[in-house]
Structure formats: C-alpha cells, structure tokens
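Please read the following report alongside the sequence and the 3D view.

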Number of protein chains: 4
Amino acid sequence: MVKTNSANQIQENDLVLVWFNEKEVSYLTQVSQGKQLSIHCGKPLKVEEWIGLNYGSSVKCDHAFGYLLRPTTDDLMMKAARESGIIYPKDAATLIMRTGIGSGAKVLEIGTGSGSLTLALASAVRPDGHVHTFDRRSDLPKNAEKNLSRANLLEYVTFHQRSAGEPFAWEQFFDVVILDIPTPWEEVEPVKAALKGGGHVVSLNPCYNQVERMAEALRAHGFIRVDCLEILERPILAREGKTRPVQRMVSHTEFLLFGTKITPPG
Amino acid sequence: MVKTNSANQIQENDLVLVWFNEKEVSYLTQVSQGKQLSIHCGKPLKVEEWIGLNYGSSVKCDHAFGYLLRPTTDDLMMKAARESGIIYPKDAATLIMRTGIGSGAKVLEIGTGSGSLTLALASAVRPDGHVHTFDRRSDLPKNAEKNLSRANLLEYVTFHQRSAGEPFAWEQFFDVVILDIPTPWEEVEPVKAALKGGGHVVSLNPCYNQVERMAEALRAHGFIRVDCLEILERPILAREGKTRPVQRMVSHTEFLLFGTKITPPG
Amino acid sequence: MVKTNSANQIQENDLVLVWFNEKEVSYLTQVSQGKQLSIHCGKPLKVEEWIGLNYGSSVKCDHAFGYLLRPTTDDLMMKAARESGIIYPKDAATLIMRTGIGSGAKVLEIGTGSGSLTLALASAVRPDGHVHTFDRRSDLPKNAEKNLSRANLLEYVTFHQRSAGEPFAWEQFFDVVILDIPTPWEEVEPVKAALKGGGHVVSLNPCYNQVERMAEALRAHGFIRVDCLEILERPILAREGKTRPVQRMVSHTEFLLFGTKITPPG
Amino acid sequence: MVKTNSANQIQENDLVLVWFNEKEVSYLTQVSQGKQLSIHCGKPLKVEEWIGLNYGSSVKCDHAFGYLLRPTTDDLMMKAARESGIIYPKDAATLIMRTGIGSGAKVLEIGTGSGSLTLALASAVRPDGHVHTFDRRSDLPKNAEKNLSRANLLEYVTFHQRSAGEPFAWEQFFDVVILDIPTPWEEVEPVKAALKGGGHVVSLNPCYNQVERMAEALRAHGFIRVDCLEILERPILAREGKTRPVQRMVSHTEFLLFGTKITPPG
C-alpha cells in the first residue's frame, strides 16, 4: 500500500517563491486575495489563483514558466528586504550547527539589522524555542519584523531596543548568544551573565582585528573552546563534459568566532 | 525582576561532552549509574557523580580540569562511532539550510552509513518531523542506531534495508531526499516518485564525475534549480598580535548537488 | 662609499605604465615622439616629455598625479590587448616555477591566443632562451605579436601556424611544452617527440573533464609526475584596524596539469 | 630536416633529482666521483655512473625504477636543507611575477634564512642580475650558501650579515627588495633609500597584524600600489572516472604585501 501526502497545497498567507528556471530569476511573495505580482515577463500574475494548487506547480507568463515553490531558509535570507548588510546562509548554517541550535533553544541575538539571521534562527528554534533580538536602532527592527511576519515566523521572535552594554533581564537563561555588531567586546559581561553554563557565544565580524580582540576578551572572561573560522562557498557548474568551478565567487563575508561559557572550578 | 533558568542540570541518560581545554581533548559519554570513563590524565572519572551538576561545571583530573558540556550537533557528528566515512558538519549545515529542513520535515536518506548525517537530520526535524534512512547493508545501521540512541534522537528516525533502485513505499511524501551513495543516478526514478511537488533532492559525492552525471540525470527528469557547490571551512588562529589562518586544512570532502522537483506544465 | 644607479631613465620605445593611485586606474603605452595618451582626467598626456625622466616620476593631470612605472610581468599580462581569453599571472607564475623555466630554456607553446602567456614565457627565458609558439588561427598571432613587440620581447619568440596533430620540426629539443588548447590529448604524440628526456609538459584547461582526460593520456604515454592543481589568489585589504579579505574574488581560471617525459627503462 | 639536441647529458657537478614514481619519493644529489646515494629501496646508488646519461634515464633499485631529472626551481626550494622555515614556491612564483624580476634584475633580500627564496631569486635573475641577501644571524647563511652552491647558483648571490635598521651601501640601486623578517616596518627607511624610483618592495609575513602594520608604514613613506594577497595552491587528483580535489591541503603560509616607490611630485 502506497502512502501519499495530500497536504502540499498552497494556502492563503503562505510565502511562495516563484522561480523562473531559464533566467534563474525568482520572486518571493505572500499569498493574499486580490494581490498582483509584477514580473520580468508578461502581465502581472494574479496571486490568489495559486490557492489550492500543489507546490511545484507552474504558472505561465509569455513564453516562460514560473514554478511555485516553498522558500527554503536560504531563500528567506537571500530575499529578505534589506536596510543593512545581511548575514549569509552559509554562515548562519554553520553557527546553528556548531552551537546546537534546534527546537527548544533560547537564543539571544544582538544586532537585529535586517533580520536575515533572525529568520534562520527563528526557523531553527521552532516550535518550542524562542529568539530575543536586540538592536540599538529603533527603525531597523520594523523591516526585520516585516521579513519575519511574511515568513510566518513572528511568534518565535521578540524584538527589543537596547543601548550598548545594558544588562539583560535574564540570568543564565540563554543557550546561545549571537553578536552581529562592530564592537562585540563591549558586550562580554552582560552576554556572559545571560548565558547558561555550557552556553555558546558567537560573534560575526568581517575584520581580523575584531575577532582577535573579541577572542582575547572571551578568554579573559573564562570562555573555553574559543575558535575562529571562515566559510567559503564555491559554486560549481556541473554540466556534461564541461564541469568546472564558477569563475567568480563571494570570497569573504564574516569571520565566525565561537566560545563556550563554563563555571570556573573553585 | 531577573529571570533565571534552573533546568540546566545533567540528568541520567544525557549525552555529555567532557572537554579538556589545555589539550583540546574531549570525550562523549552517556551518563549512567556505575559507569567509569577512562581519560588521558589521571584515574577514570565516575560518571554518575555528574548527575545534578550544572552544565558548564568542571571535573578535576590530575592537574587539568574537564568541563561537562552539552554536545552540539557538530560534536555529535564528529564524535559519531564510525564504520565508514562520515559527512562533515559544514556540509550537513549547508544542505539543511538550502533545503529548508526544520521541525516537521519528512526526510528520506539513502545511504545510512555511520549515521553522522542522520544525527544532524534527526536533530533538525525535531520534534514534529521524521527521517527514514535506508542502506543496502544490514550491518552499518546497527552502528548508526547506537549513535542515534545515545544522542536520544532515535524516536525521530526509522531504519530500513533496501536494494538499489527498489521503489519506496511512499509517493509524493517527502520534503527532502538526501543521497549519500556512489551511484545516485540509479535512484532518480524512485526518489522523484517519493518527493512532494516542490521537494528537494541533494546528492553528496566526492568526485566531480559523480555530480556531473547526477546533474544531467536530474535535468533529464525535469528537476529545476540544479546547482552544485562545495563548502570550505578555514580555521583561523585569533590571538593577540599574531592572528592568521591555520597552516593546514581539510580541502575537500563532498560536492553538494541540489535539485527541486516540479510538476511539469501541461 | 655609496653606489648609485643612474640608468633608471625612461627611453624612447620603453613601455611605460602610468598609474593613478587614487582610482587604481592605469595605462600601458610605448614611448614615442609626438604620441598623445588620452586618460580619464584632464587633457591627453604628451608622452615624449617623459623621455629622460626617472622611473617613479609623476605627471600631473587636473587634480591627480600619475606615476611613470616599468610594467611588471603581471602588468604586461593583465594589460595585453585581448582577442581571446587570457592566462592569468598567478597560473603563469606557478607553471614557470614548477617546470624550471629560466634563461636559456627552450619552450614550445601550443595555443598562442592573445599572447598573454607568451609575454611571461618570453620574459622568463631572456636572454639565452627562446619560445616557439603555435596557433591554428592565422589572425590571433598578429595581436600577440603586437603585445610582444611593444614589450620589447619579440626577439625571444617565433610565431608559427600549425594544424592540430601535425608533427613539429624538432625532436628532443624542448625543455618545456605548454598547451593552452581545448583538446590537448590530441597533441601528446608530437609533444612527446619534441620534448627532451626529463622535459616537462603543462596543460592549462578550465574543466575537470579536460585535465582528467589529459592526465590519462600522459600516463598512457609514459609520462611521470602527472600532477594537477589550481591556484587561488585571494586579495586582502590591509588597513589600520580593519584588515580583511576582499569580498569578491576570481574563483577559477584554469587547472594546471603537469607531466615529465622519461626514457622508459629497457 | 629534423633538429635534435644532444646537450641533454648529465655532467659532473650537476644537481640531479632521482624520482621514484611509485611512491613519489625523490632525492636531490650533486653528481661527483665516488659518491654513493642511500635510498629507500635496495643498495646505495653509484652516482658517478650517471655521468653521460641523458636526463630522463632510469636507474634500477630492487623492483623499482628511479628517474634522473633536472630539478626545477620548485624542486630546489622544497628540497633545500632547512634550518628555519622556508618560503613556498607558490609565494616565490607570485612575487617574482608581480615585481617583474627577470634576467638583469638587482634584488635585495632581507632575511636569508635557509635560502629557499634565495634559490628562486638567483635562478630568476640569471645570467645578468644579482641578489644581495642579508641576515642578522651569521650561522644561517652557511646553510643557505650550501643550498645555492650545489644548485650552481652561487655566482648570482652575495651573502651579507647586518643588524636591523642599518643603512645599506647602495642608494637607488635595487629593482626589488624582499623582506622575510618578523618586523619589516623597522626597515622601511633603509629599504626606501636602496630602491630605484619605481622599484618594488615585498614583505612576506604569516600574520595579518604584520602586513597591516607594514602596509601603513609603506603608505606613510609614500609608497603606492600597496596591495596584499595570499596564494592558495589546491592539489587535484585527476584520474579516470574519479577526479576530485585532494582531501587535505596547505591552507596558509604567508601573506604577500607589495608596494612601489615613487618620487613624490613637487
């Protein structure tokens, strides 16, 4: 007896990625009544007509077909509306794996920015965890909130505004703290207080100078497993008889610095 | 009012990583009554004495201290008992991110091996998803099962034995299918049948010849977004006044090939 | 007693690189009477006025200064007039080092193209060696010849036209043969005949498939030290307090495949 | 009429690389009367018997054959007798290419060390240039001298001992100055004085802190084209049906920092 899955239909409020394979062009849009989506070919698409279609179905525009896909976490991050730099999926993936973030995790993010990393964290802590995200600016989180909302991940995130160095209202509460700010060493004290014993801190910074200074600050505060790395993602063209790496690539985004809080012997 | 978290204590059956910072040596062991853990320094540790201690606490051996940590997903994978090659965390992290695997996902793995990837998948689909993993060999899954069991992830995984090319007992059921076998192109038909519309396939192979052939097989079967990449993880020594990349690194593990199943227009 | 060097003056017919540091813009031009050089800022420069100036001197244009420099081999290659793809300096540098090309070497190049590699080879064999370069097309070498001529390297190079697979008029004559053509395996027989015992062959190809096939062809013809590699050049921004790798880089140009001809025992 | 080359015979005093292909083992030895070479298989080889053989010929030992090869510049560097760290061929190749070192060049090296870089420089300036190399230590150059001597390159190099910061006995004399010392910024003044207008400086250092400080020192002294990069050499296994990058590689050796001396406008 073959088991099939009928629950693969597009619903109202779903976030859908319309993918045009010929040009590798795509659009991310939330499904709602009356909505029209302007695209690169032909007339705008009537989004409400997708309700009830199976994911993977096609829509026609002029001579091309677009395919209606569930956005992956990678798609959510790369398509986030941006008002500042974003964290790349390759870096988010590694930090989630290295700190063991999963359902149930309590995560603190310092530096909400456009919310691209917040999207990945919210998705990873579902359904039993939560992300508290803090930014100095009051305007950025509005954009981040919109990105989370259309991805239907808002319930897993609380947004906060906070000045640098301010203590957090939690002690020994968080499994992981992630810093995406230029001067992370200023936050080591409150971060350490907020972390559980055995909890992890991650700092994301583009410059050597920053991770060096933060690594020393973490060591000075007794963190162990202070490790730094960078992730390079190299695209490959896999085609019959002529497979090779792509000619240009993103060479650098952020260094990832890790540390683990312990209870010092005593 | 400050909120604290009391539930950070080591319990019986927990899987604990004992980390010695000086030598970067660590041990992964499941907590049970009467167990003794042999280590590199001093007398064996009495594991039952850890019950009730907070994570992050230290245990003494000779002149060194070991710290009792919750293993991360990365730790689980790197410390898996091996009877065959393993998939590396960097690759598992990227494929989870790129295919949107999260709580609730139904994942099919072909090639159980030592179960290192199965550990990462099981952890990512918690608590509402499930991993069905298949291997041709009947002996390997026993080792994989042991790895999953001590990580308390067994309930999220079902192990199957199966010959190459055999159809699966599911149609349009899985969100993601992952192939970790030498000749993935032989499995495209049954994989396609088992995938939901819009579902993703990932093939992990060390040689370019394999991903080239698989990429063409996926295109021939109508898959879209057929993309290939490799992930390089470069360790950095971050130390005051003398920060630099590490001198030797893992240069290559697997190419990652992705594809998405669609319902062809018509 | 301090020794100084007076012979650092620009002469007629010298090839000069005018470098504008602010914008990292540069121009490569041969010095001659009456010549004018159009640039991005201000009026054209009168090239003849540079004769007798020391290298390193500046010329003014509007608000910027340009510096008169001797082009390096890297500059010659990157500034070569192009009618086809070029070989990059990083790859040329490694192949010269790995095959021991130096003054006196006899080098055979198959695939003249725009002559960017020919420039590097001619410069390396000076003053006692020679490069014989072959192309199937009769039009490309004219451009290559111009590039060599203005670099004052023409005397070290002889240009030839030749069809694929044709035998060469030399036996056991060349120290190194370099192939920059899409199907190098078709040339193994004549290349082997033209090489000295202990001589080296290098094939430059962008695709895995090509170097794999050529590697097997070389092994089948008894070549030893059949090795393949790729060179990645990663630019770094070195600036006070904010040093980091550049964000985008050239990820791939050519694979370099090496082999050494031996006299089989017997 | 076919031209052949009879001058490919091993002579007394030649430096020969004996290469065993099965195990990729090799030996570098200078040919002399009565010499015996101990190897990994069978009885010692009688080196004098090679005189008059063609390069590329084989010698037998037990069941294996060794091939008599001319060492390339890469071989010379990797086989240099070491009493300190060496500079790698990939880095030497790039700096020679980027600074235009060729026959006739006057090169100043600060930090002789084991002389591995000196070998590459001496080979590149042949026959009309010269390398002056300086070290603080009086013992190291003896080893370097031996390496240069057996490669028959001694006539292109002069060895000097010198304390840090001491002025050089040349003004505006050198085309290129290369620094392979831990604190290159202490040498900018004398280096600048010794360089020709338009001449190049290169500093080789493993830590980003060093190249950052040196970059700022060069800018402060009016150098232009202050550029930094690193070279990664990735080995590829090219074999029928199973071609892939090698699993481990050298990830980091030195950052290369470049600058060009100009005559400031005024």
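The sulfur of Cys207(C) lies 12 Å from the closest cysteine sulfur, that of Cys228(C), which is too far for a bond. A disulfide requires two cysteine sulfur atoms within 2.5 Å. Cys207(C) is also buried, because its relative accessibility is 7%. In chain D, the sulfur of Cys228(D) has its closest cysteine sulfur in Cys207(D), at 12 Å, and this again is too far for a bond. Cys228(D) is buried, with a relative accessible area of 6%. The model is a predicted one, and the distances and areas in this report are computed from it.

**Disulfides**

How many disulfides does a search of the whole structure find? Over all chains, the search finds four disulfides. Three of them are listed here.

| Pair | S to S distance | Torsion about the S-S bond |
|---|---|---|
| Cys41(A) and Cys61(A) | 1.8 Å | about -70° |
| Cys41(C) and Cys61(C) | 1.8 Å | -65° |
| Cys41(D) and Cys61(D) | 1.9 Å | about -70° |

The torsion of the pair Cys41(A) and Cys61(A) is about -70°, so this disulfide is left-handed. The pair links distant parts of the chain: Cys41(A) is in the loop between β4 (36-37) and β5 (45-46) of chain A, while Cys61(A) is in strand β6 (residues 58-61) of chain A, 20 residues apart. Cys41(A) and Cys61(A) are buried.

In chain C, the link of Cys41(C) and Cys61(C) is left-handed, with -65° about the S-S bond.

In chain D, the torsion for Cys41(D) and Cys61(D) is about -70°, so the disulfide is left-handed. Distant parts of the chain are linked here: Cys41(D) belongs to the loop between β4 (36-37) and β5 (45-46) of chain D, and Cys61(D) to strand β6 (residues 58-61) of chain D, 20 residues apart. Cys41(D) has a relative accessible area of 11% and is therefore buried. Cys61(D) counts as buried because its relative accessibility is 4%.

**Nonpolar cores**

The largest nonpolar core has 83 residues. Those with the most contacts inside this core are Leu95(C), Ile101(C), Ile178(C), Leu95(D), Ile101(D) and Ile178(D). Helix α3 (residues 116-125) of chain C provides the largest share of the core, seven residues.

Which residues are in contact with Ile101(D), leaving aside its neighbours within four places in sequence? They are Leu95(D), Ile96(D), Val107(D), Leu121(D), Ala124(D), Val125(D), Val176(D) and Ile178(D). Another core, of 82 residues, lies apart from the largest one. Among its residues are Leu76(A), Ala80(A), Tyr156(A) and Ile262(B).

**Chains A and D**

Chain D is superposed on chain A by a rotation of 180° with 0.0 Å of shift along its axis, at an RMSD of 0.0 Å. The two copies are therefore related as by a two-fold rotation axis. The same surface serves both copies, since 80% of the contact residues of chain D recur in chain A.

Methods: Residues are numbered from 1 along each chain as its sequence is written. Chains are lettered from A and ligands numbered from 1 in the order in which they are written. This is a predicted model: local features need pLDDT of at least 70, side-chain atom pairs count only at pLDDT 80 or more; totals for chains, interfaces and linings use all residues. Side-chain values use heavy atoms; hydrogens and water are left out. Copies are superposed by least squares on the C-alpha atoms of residues with pLDDT of at least 70 in both. Contact means heavy atoms within 4.5 Å. A nonpolar core is a set of buried Ala, Val, Leu, Ile, Met, Phe, Trp, Tyr and Cys residues joined through side-chain atoms within 4.5 Å. Buried means under 20% relative accessible area, exposed over 50%, partly exposed in between (1.4 Å probe, protein chains only). Helices (H or I, at least four residues) and strands (E, at least two) are DSSP runs, numbered from the N terminus.
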